[in-house]
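Visitor: I would like to learn how to read helix packing and nonpolar cores. Please take me through an example.

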Amino acid sequence: MQAPPADWLSLLLLTFVLGMKHGFDADHLATIDGLTRHNTRVRPAMARYCGTLFSLGHGAVVMAIALGVSAAAGQWAVPQWFGTLGALISIGFLAALGMLNLAAVLRAGPDQVVQPVGVKGRLLGSLRHVSNPLAVALVGALFALSFDTLSQAAFFALAATQFGGWQHALVLALLFMLGMLLTDGINGLWIARLIRRADQTARIASRVMGLVVAGVSLLVAAFGAAKLLLPGVDAWSEGRELQFGAALVAVIALSFLAAMRLARRPAVAA
């Protein structure tokens, strides 16, 4: 687990960037894709808001866990192995997601729009196909009950003990949720737009994002493995978390904007 920055402003910026990066997680994209596609058929007026509702439910659990861990931080120290285990789980998931999404792009037929592939979302089964706003938020909340969310909560609690108490943990958790809300909300809108059209431009746009998500997942997994195995890489990256996170979000966001621009182009009449 990374150490928090030494000043409050840098920590605020890092937390917001981490939230944005978390919203671009391939599992998030795949689950929001499934929710949006289902509601496009059964409740079209709500389809575009699935990403926002999912993120609100997810963020509510993040805040609750952060507050709980912060309150117990004085009596419980995060064990050393916790960060290493979290890193190993994260590397494994990212590598799997990267390969699954790369395979999805390569397998898609020329007349198909590429759909993002997730792992955790499949465990929810039929819960991915709900049309009630509260149920969509509940899916996001259930999604937060995972090791990566516990790791983020521990990070907020650690930061809170450095700068104050539970109020600081709440601010960080709220910023994390706002960053995630931004990316997940935009993703839901974009998927709804792609679903409404099935022309060549939409198929190209979906492949752009599929390749970017796959490439970024594999790159981050490789970098995480290098940090664990090579002390020199770990030392070099120390203190650069904000720059790395911002660069990663910028790459995905620019690709996302390019895909959205493609999706906005008027369909060419046959």
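**Helix packing and cores**

Guide: Start with a contact, meaning heavy atoms within 4.5 Å. His-58, Val-62, Ile-65, Ala-66, Val-69 and Ser-70 of α4 touch Thr-149, Leu-150, Ala-153, Ala-154, Phe-156, Ala-157 and Ala-160 of α8. By residue class, this contact of α4 with α8 has 10 nonpolar, three polar and no charged. Ala, Val, Leu, Ile, Met, Phe, Trp, Tyr, Cys and Pro count as nonpolar, Asp, Glu, Lys and Arg as charged, the others, Gly among them, as polar.
This is a predicted model: local features need pLDDT of at least 70, side-chain atom pairs pLDDT 80 or more, while totals for chains, interfaces and linings use all residues. Numbering runs from 1 along each chain as its sequence is written, and side-chain values use heavy atoms, without hydrogens and water.

Visitor: At what angle do α4 and α8 pack?

Guide: Two packed helices are described by the angle between their axes and the distance between the axes. Helix α4 (residues 50–72) and helix α8 (residues 147–163) pack at about 50°, axes 8 Å apart. Axes are fitted to C-alpha atoms over the stretch in contact, and angles run from 0 to 180 degrees between N-to-C directions. Helices are DSSP runs (H or I, at least four residues), numbered from the N terminus. The α4 and α8 pair is therefore oblique. Under 35 degrees is roughly parallel, over 145 roughly antiparallel, 65 to 115 roughly perpendicular, the rest oblique.

Visitor: How are α2 and α7 packed?

Guide: Their angle is about 160°, with axes 12 Å apart. That makes α2 roughly antiparallel to α7. Asp-27, His-28, Thr-31 and Leu-35 of α2 meet Val-136, Val-139 and Phe-143 of α7.

Visitor: How many residues has the largest nonpolar core?

Guide: A nonpolar core is a set of buried Ala, Val, Leu, Ile, Met, Phe, Trp, Tyr and Cys residues joined through side-chain atoms within 4.5 Å. Buried means under 20% relative accessible area, exposed over 50%, partly exposed in between (1.4 Å probe, protein chains only). The largest core has 30 residues, and Leu-35, Phe-54, Val-136, Trp-190, Met-209 and Ile-252 have the most contacts inside it. Its largest share, six residues, comes from α10. A second, separate core of 15 residues includes Leu-12, Leu-18, Val-62 and Phe-156.

Visitor: Which residues does Phe-54 touch?

Guide: Leaving out residues up to four places away in sequence, Phe-54 touches His-28, Thr-31, Ile-32, Leu-35, Val-136, Val-139, Gly-140, Phe-143 and Asp-184.

Note on methods:
Helix = DSSP H or I, 4+ residues; strand = E, 2+ residues; numbered from the N terminus.
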